[in-house]
Amino acid sequence: MQAIKKVVIAGGGTAGWMTAAALSKLVGQKLDITLVESEAIGTIGVGEATIPSILTINRLLQIPEPEFLRETKATFKLGIAFENWRKLGHRYIHSFGDTGSGCWAAGFHHFWRRGLNEGYAKPYGDYCLELKAAEANRFGLLSQQKVNYAYHLDATLYAAYLRKLSERAGVKRVEGMIDHVVMADTGDIQSLRLADGQNIEGDLFIDCTGFRGLLVEDALKTGYDDWSEWLPCNRAVAMQTESQADPIPYTRSIAHGSGWQWRIPLQHRVGNGLVYCSDYLSDDEATALLHRHTTGAPTTDPRLIRFQTGQRKQYWNKNCIAIGLSSGFIEPLESTSIHFIQNGLLWLLLMFPSQGIAASVRDEYNAKLRREAEHIRDFIVLHYHLTERDDTEFWNHCRTMTIPDTLKHRMELFRETGTVYKLQDDVFAENSWVQVMMGQGLIPETYHPIVDQMSGPELSQFLAKNMERVDQGMAQLPDHTAFIQRYAHL
Ligand SMILES: Cc1cc2nc3c(=O)[nH]c(=O)nc-3n(C[C@H](O)[C@H](O)[C@H](O)COP(=O)(O)OP(=O)(O)OC[C@H]3O[C@@H](n4cnc5c(N)ncnc54)[C@H](O)[C@@H]3O)c2cc1C
């Protein structure tokens with residue numbers, strides 16, 4: 001095994017600069033880290049909604065939150081509102097909060113389910129502080145209660161900020177176009193040759209070149225698992241617009257006839273896009289639809305993006321690790337890509353191969369990431385499949401398609417017993433699955449027997465107590481925009 005002294009990161013989008021920042025800060029003391037990027041190619045320029053795990057990487061990088069908010073023009077995100085997903089005119093929020101609290105044997109939704117039978121349960125979301133705060137456009141950090149949140153951020157500013165941190169920590173940046181990947185006799189990557197003749201050698205290569213996967217696919221021919229049978233959307237058109245109102249603390253996901261639209265409110269503008277399936281909608285129709293459904297003057301031209309959902313057969317192949325879009329893509333419905341970059345990085349840091357790459361480490365890394373990607377895939381498929389919509393061919397396809405067995409099992413278990421288990425390497429906790437399954441109309445037929453230990457009045461009081469906690473939190477939360485201005489010293 002060859003010791004790893006020189007790491008080369010190919011690509012300087014969100015994935016490249018997150019990798020550079022994390023490696024340089026956390027294991028960089030004895031490493032020589034070079035990042036190659038091409039301004040001529042540029043970055044994908046989307047990827048602006050996150051999930052709460054981003055707080056972990058920010059903590060590891062010791063990023064002060066007010067500075068982060070200023071540098072990336074970020075707003076707070078408490079969840080996602082899904083509009084028209086279950087049926088036209090219906091709306092629910094998948095929030096990052098805990099909805100009530102249950103007991104060791106049964107989550108809160110079991111108690112709520114009996115309360116529903118007996119007529120004293122309020123709507124499920126009313127027991128969640130984050131959800132109520134999102135609806136009321138409030139956000140704050142409370143001393144007595146944890147508020148679970150993530151951010152909406154400007155992708156270009158985020159990469160620029162991470163670049164600053166990385167260069168400060170010693171990462172060398174090389175501007176140039178990689179036009180050849182030089183292979184060693186062992187089948188490993190030896191160096192990257194740039195169009196201007198420079199040759200960049202390394203021991204470990206991180207492929208952050210985006211969808212193309214210049215190293216992991218073009219050079220190493222790793223292969224790809226195609227998931228479009230379950231996730232048929234394969235295009236997006238993205239466009240930024242001026243803000244017309246204060247930013248709300250949640251993402252809007254609005255289903256249309258052949259896909260869905262995102263609205264991501266930042267401090268200075270709104271990010272918009274339409275994700276769709278080209279079998280049912282042309283690019284021109286998609287662009288026109290997006291224009292019709294955005295408010296505020298456009299500040300960029302619509303940008304067309306093609307993708308195929310799926311994952312690389314190996315995330316780590318030979319001496320190359322694919323991070324970011326080069327490793328696969330599970331469409332942005334639950335904002336999981338930046339999380340997945342971070343996850344790949346955390347496992348790499350935990351298993352960093354300073355003394356050389358052991359096959360067992362590579363296998364373990366691949367197994368973990370594949371498992372997590374498959375859980376995320378199932379969660380996203382759930383949104384499409386569990387719908388009552390029958391107004392277009394697209395929704396008829398999604399509603400009637402065959403789904404992965406793993407997801408089928410989860411849905412049946414929930415329908416029949418109300419049970420959801422958090423599986424190993426599943427980023428989405430029990431309450432996320434519950435909120436989306438119930439939001440999409442799947443209400444469990446029964447509840448856990450432990451709930452019947454309570455009398456009717458006891459259960460009613462228990463539900464009321466859970467509501468009290470939400471009311472107490474709400475009474476202390478300030479307006480979202482006012483909080484950002486004060487907290488980030490804008
Ligand atoms: C429609 C859409 C919406 C999305 N929304 C979200 C979201 O809300 N939340 C979320 O978490 N994620 C989202 N994502 C995913 C997110 O955009 C990406 O995970 C993230 O931006 C990382 O991209 P990347 O760095 O892998 O690729 P890119 O941004 O494409 O960067 C690739 C880099 O490689 C360089 N490069 C490529 N070829 C060469 C070459 N030959 N020589 C030199 N350099 C080269 C480029 O210049 C660039 O620097 C979305 C993705 C899409 C498609």
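**Entry 1. Ligand contacts**

I began at the ligand and found a backbone N or O atom of Ala49 at 2.7 Å from one of the ligand's nitrogen atoms. The model is a predicted one, and I read these distances as computed values. Next I looked up Ile178, where a backbone N or O atom lies 2.8 Å from a nitrogen atom of the ligand. I then went to Cys208 and noted a polar backbone atom 3.4 Å from an oxygen atom of the ligand. For cover, I recorded that the ligand has 1000 Å² of accessible area on its own, and that the protein covers 96% of this.

**Entry 2. The shell**

Which elements give two or more residues to the shell around the ligand? I found helix 1 (14–26) and helix 9 (337–350). Helix 9 gives the most, with 3 residues. I counted 34 residues around the ligand, and those that come nearest are Gly12, Ala49, Ile178, Leu325 and Ile338. Ala49 and Ile178 were already in my notes, each for a backbone N or O atom facing a ligand nitrogen, at 2.7 Å for Ala49 and at 2.8 Å for Ile178. I sorted the shell by class and got 18 nonpolar, 14 polar and 2 charged residues.

I turned to the strands. Strands of a sheet pair through backbone hydrogen bonds, in a parallel or an antiparallel sense. Here I traced an open sheet of 3 strands in the order 8-9-10, with antiparallel pairing.

I went through the pairs in turn. Strand 8 and strand 9 (residues 189–194) are antiparallel and share 5 bridges. In that pair I found Val181 opposite Leu192 of strand 9, and Ser191 of strand 9 as the bridge partner of Val182. The hairpin of these two strands has 5 residues between the strands, and Gly187 in the hairpin takes a positive phi near 95 degrees.

Strand 9 and strand 10 also run antiparallel, joined by 3 bridges. I listed Arg193 as standing opposite Asn199 in strand 10. This hairpin has 4 residues between its strands, and Gly197 in the turn has a positive phi of about 95 degrees.

I followed another open sheet, made of 7 strands in the order 5-4-14-15-16-13-17, and its pairing is mixed. Which strands stand at the edges? I found strand 5 (91–95) and strand 17 (303–306) there, each with a single partner strand, so one side of each has no neighbour in the sheet. The twist averages 20 degrees from one strand to the next. Ile80 stands opposite Thr251 in strand 14.

**Entry 3. Salt bridges**

Side chains of opposite charge can pair when their charged atoms come close. How many salt bridges does the count come to? With a side-chain nitrogen of Lys or Arg required within 4 Å of a carboxyl oxygen of Asp or Glu, I got 27 salt bridges. I looked up the one between the side chains of Glu37 and Arg173, where N to O is 2.6 Å. Glu37 belongs to strand 2 (residues 32–37) and Arg173 to strand 7 (residues 172–175); the two are 136 residues apart, and I noted the pair as a link between distant parts of the chain.

Methods:
Residues numbered from 1 in each chain as written. Predicted model: local features only at pLDDT ≥ 70, side-chain atom pairs only at ≥ 80, totals over all residues. Heavy atoms only, no water. Pairing = 2+ DSSP bridges. Near = heavy atom within 4 Å. Polar contact = N/O pair within 3.5 Å; in protein donor to acceptor, adjacent residues only side chain to side chain. Areas by Shrake-Rupley, 256 points an atom, 1.4 Å probe, with all protein chains shown as cover. Nonpolar A, V, L, I, M, F, W, Y, C, P; charged D, E, K, R; others polar. Axes fitted to C-alpha atoms, helices over the stretch in contact; angles between N-to-C directions.
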